Amino acid sequence: KRVLAAPTSWTRTTCVYCGVGCQMEVGCVDRRLMAVRPVDSPVNRGHLCVKGRYAFDFNHAPDRITTPMIRRDGQWQEVTWDEALCFTATRLQAIIDRYGPDAIGVLGSARATNEENYLAQKLARMVIGTNNVDCCARVCHTPSAKALKTMLGTGAATNSFDDIEVAKAFLLCGVNPTENHPIVGARIKQRVLQGAKLVVVDPRRTELAALADVHLAVRPGFNIPLFNAMAATLIEEDLVDRSFLAERVTEFDDFAVFVADYAPERVADSCGVAAEAIRAAARLYAAGQPSMCFHGLGVTEHMQGTEGVMALINLALLTGNLGKAGAGINPLRGQNNVQGAAQMGCDPVSLTGAQSIKEAGPHFEAVWGARLPVNRGLDLLEMMDAAKAGQLKAIWAFGYDVYLSLAHAADTAAALSPLDLVIVQDLFLNQTAAAFGTVFLPAASFFEKDGTFMNSDRRVQRIRTVLPLPGEARPDWWIIQAVAGYLGKPQGFSFGEPEAIWDEIRQLWPAGAGLSYARLEGESLNWPCPDESHPGTPILHRDRFAVGKTAALARIAFIPTPEQVNDDYPLLLTTGRTLPHFNAGTMSYRTPNAELRPTDTLDMAPSDAAAYGLADGDTVRVRSRYGEALLPVRVTEAMQAGQLFTSFHRPDLFVNRLTSSVRDRMVHAPEFKVTAVRLEKTGG
Ligand code: SF4
């Protein structure tokens with residue numbers, strides 16, 4: 001209903017929301033953002049979704065914080081940058097002196113640029129002296145990166161979005177691109193309407209599930225037996241690619257014996273799907289040629305999340321769906337630069353470019369002119385454990401609402417409460433800052449700085465300054481450098497612009513060496529891109545895997561999660577996102593998108609609603625073993641009986657009070673997708 005003036009200038013940049021990485025032009029009038037319009041790029045081909053197109057008003061929200069603050073006697077006080085930086089550096093140094101550098105943890109951010117994440121881990125390692133550095137990839141797709149790196153050698157999507165139009169079949173597992181990666185969802189839907197086959201593995205009847213040739217509504221927590229059953233079908237019915245197996249795959253015989261125990265008829269009941277449907281799904285996937293697999297957090301956010309991705313890689317290896325167009329194993333990354341944050345080295349066990357500290361460390365030391373710490377770093381979840389145990393004393397989080405985002409909020413509170421120092425660097429006083437913050441450093445938004453993002457298909461794209469800095473807000477890269485200076489170690493932190501930081505990254509990351517700003521002006525390129533004449537690599541593993549000529553099938557035994565329903569907690573809750581909103585709602589709830597979906601809802605099947613005497617709009621108390629939340633009911637045929645779904649966008653509803661402390665066995669991503677709960681009606 002607003003009357004908007006016509007923009008007088010348009011600037012091209014990259015959407016800040018999901019990992020699709022759509023290109024857009026941003027129109028401004030008098031230092032104010034007025035409109036966004038799509039660009040005809042290879043990613044979004046002239047389209048934007050409701051987030052990219054309309055959810056930008058957060059930038060001018062009245063509660064945006066643009067002055068540094070320190071909390072004194074429980075009250076936030078505005079201070080100068082000099083005071084804030086001096087306070088921050090003095091407190092950090094005191095902790096280093098008293099407890100050692102490993103008493104500090106640094107968290108990079110998907111909201112920040114590649115350059116800023118690179119500087120964050122450089123500061124953690126070079127200035128503070130710790131490998132305790134991580135980012136929000138820990139809670140979403142670190143399982144994908146681990147699985148892909150372990151089995152194929154590169155921890156990223158194997159193919160490009162360009163391949164969607166080449167694929168003849170799709171296997172979508174635990175992913176709802178229509179709502180969470182809308183431009184990719186639309187491209188897949190278009191391809192399916194043109195005749196490509198579609199298998200959807202999802203407990204809910206999503207829009208694409210309703211369109212699918214086979215919808216496997218798997219019981220949450222049973223991905224492993226389901227994927228193994230598909231593998232067993234491929235082998236039993238001789239649907240495998242014999243020549244690909246002979247040339248590029250090892251361990252087939254042992255795998256075939258192992259996986260025979262997971263024949264569809266044996267596991268169908270526990271998975272909650274029909275055996276014949278599992279077989280039909282395997283047949284469609286094998287017959288597609290090429291068949292493209294996309295997966296999301298419905299695979300990774302489980303106790304066996306990493307192993308779930310490995311089980312999917314088995315399917316691609318068995319059918320030869322790797323190393324060619326229209327195929328592959330492709331995690332759909334949730335946030336704009338979550339791939340980049342981890343790739344830049346915000347990871348406790350690897351440096352920029354996912355390079356091992358042991359092997360690449362000497363090169364980094366030579367370029368940085370400093371020794372790297374040798375202690376194994378803590379990941380985000382281990383930092384929380386160490387904080388609860390009194391071993392971690394400070395955390396520095398930028399662009400990341402740790403308290404709201406982590407599972408089992410009571411546990412997170414128990415970790416954050418005893419910290420001596422909580423540095424929050426953000427646009428708004430988020431829940432972490434409000435409850436636990438010590439110092440608040442006001443950051444620039446992505447409209448107010450230059451840099452690069454890395455999307456889901458390994459494409460590096462520019463973001464560009466559209467607006468001037470508001471008040472005292474500063475880009476994250478400026479703030480990190482300033483803290484290094486106040487810690488007395490400005491060497492290596494005196495870059496005048498993001499391009500200079502990027503050039504140092506290219507020096508240290510062989511697969512990104514060819515991605516100069518000059519080239520990125522005119523195009524987006526998928527890494528590996530080792531030199532400036534290289535065209536980029538949209539498809540990985542064409543002739544050989546990064547682990548070698550062959551890759552081994554992985555025998556993944558099913559281990560049920562300890563988070564089980566019982567008489568006290570008889571329903572299974574899963575969580576996820578909705579189309580108009582994004583993650584913690586920090587940005588999207590400060591835009592007109594809030595009107596499109598004003599609240600999170602507790603979605604349930606009509607039969608459950610009837611059994612509990614609930615109707616649309618009733619408020620219900622949801623209790624888990626970890627906490628409780630009040631949520632409005634939404635009755636929908638998309639849900640199966642006995643299962644519930646809610647999104648986690650509204651800070652006041654705080655859905656992560658419910659979720660459990662079970663973690664992925666290999667990389668500790670929380671099991672957001674399985675929580676046993678019970679319902680108590682509270683009113684109409
Ligand atoms: Fe932005 Fe993702 Fe929507 Fe594209 S699909 S406009 S990147 S939120």
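Two residues are in contact if their C-beta atoms, placed from the backbone, lie within 7 Å. The structure described here is a predicted model. The domain assignment of its chain gives domain 1 (9–60), domain 2 (69–138 + 344–496), domain 3 (142–331) and domain 4 (571–683). A ligand lies between domain 1 and domain 3, because both give residues to the shell around it.

**Helices H11 and H12**

- Contacts between these helices join Pro 264, Glu 265 and Ala 268 of H11 to Ala 275, Ile 278 and Arg 279 of H12.
- By class, this contact of H11 with H12 comprises four nonpolar, no polar and two charged residues.
- Helix H11 covers residues 264–271 and helix H12 covers residues 275–288; their axes are 8 Å apart and the packing angle is about 110 degrees.
- H11 and H12 are therefore roughly perpendicular to each other, since angles of 65 to 115 degrees are counted in that way.
- The two helices, H11 and H12, cross in a right-handed manner.

**Ligand shell**

- There are 14 residues around the ligand, and those that come nearest are Cys 15, Cys 18, Cys 22, Cys 49 and Gly 52.
- Helix H1 (50–54) and helix H6 (182–193) are the elements that give two or more residues to this shell.
- In terms of class, the shell around the ligand holds nine nonpolar, four polar and one charged residues.

**Domain 1 and domain 3**

- A distance of 32 Å separates the C-alpha centres of domain 1 and domain 3.
- Nine residues from domain 1 and eight residues from domain 3 take part in the contact.
- On the side of domain 1 that touches domain 3, there are six nonpolar, three polar and no charged residues.

**Helices H8 and H14**

- Helix H8 (residues 223–236) and helix H14 (residues 305–319) have axes that come within 9 Å and cross at roughly 10 degrees.
- This angle makes H8 roughly parallel to H14, as angles under 35 degrees count as such.
- H8 and H14 form a left-handed crossing.
- On the H8 side, the residues making the contact include Phe 227, Met 230 and Leu 234, while those of H14 include Ala 311, Leu 315 and Leu 318.
- The contact of H8 with H14 has nine nonpolar, five polar and one charged residues by class.

**Helices H17 and H19**

- The axes of helix H17 (residues 380–388) and helix H19 (residues 409–416) are 7 Å apart, and the helices pack at an angle of about 60 degrees.
- That angle makes H17 oblique to H19.
- The crossing in which H17 passes H19 is left-handed.
- From H17, Met 384, Ala 387 and Lys 388 meet Thr 412, Ala 414, Ala 415 and Leu 416 from H19.
- This contact of H17 with H19 consists, by class, of five nonpolar, one polar and one charged residues.

**Backbone exceptions**

- Most residues other than glycine have a negative phi, and most peptide bonds are trans.
- Gln 289 and Pro 290 are joined by a cis peptide bond, with omega about 5 degrees.
- Pro 290 is placed in the loop between H12 and strand E12 (291–295).
- Another cis peptide bond, with omega about 0 degrees, joins Trp 527 and Pro 528.
- The loop between strand E21 (525–526) and strand E22 (551–552) contains Pro 528.
- Glu 251 is not a glycine, although its phi is positive at about 70 degrees.
- The position of Glu 251 is in the loop between strand E11 (249–250) and helix H10 (252–259).

Notes: Residues are numbered from 1 along each chain as its sequence is written. This is a predicted model: local features need pLDDT of at least 70, side-chain atom pairs count only at pLDDT 80 or more; totals for chains, interfaces and linings use all residues. A residue is near a molecule or strand if its C-beta atom, placed from the backbone, lies within 6 Å of it. Helices (H or I, at least four residues) and strands (E, at least two) are DSSP runs, numbered from the N terminus. Ala, Val, Leu, Ile, Met, Phe, Trp, Tyr, Cys and Pro count as nonpolar, Asp, Glu, Lys and Arg as charged, and the others, Gly among them, as polar. Domain bounds come from an automatic or database domain assignment. Axes are lines fitted to C-alpha atoms, for helices over the stretch in contact, and angles run from 0 to 180 degrees between N-to-C directions. Angles under 35 degrees count as roughly parallel, over 145 as roughly antiparallel, 65 to 115 as roughly perpendicular and the rest as oblique. A crossing is left-handed if the near helix is turned anticlockwise from the far one by less than a right angle, and right-handed if clockwise.
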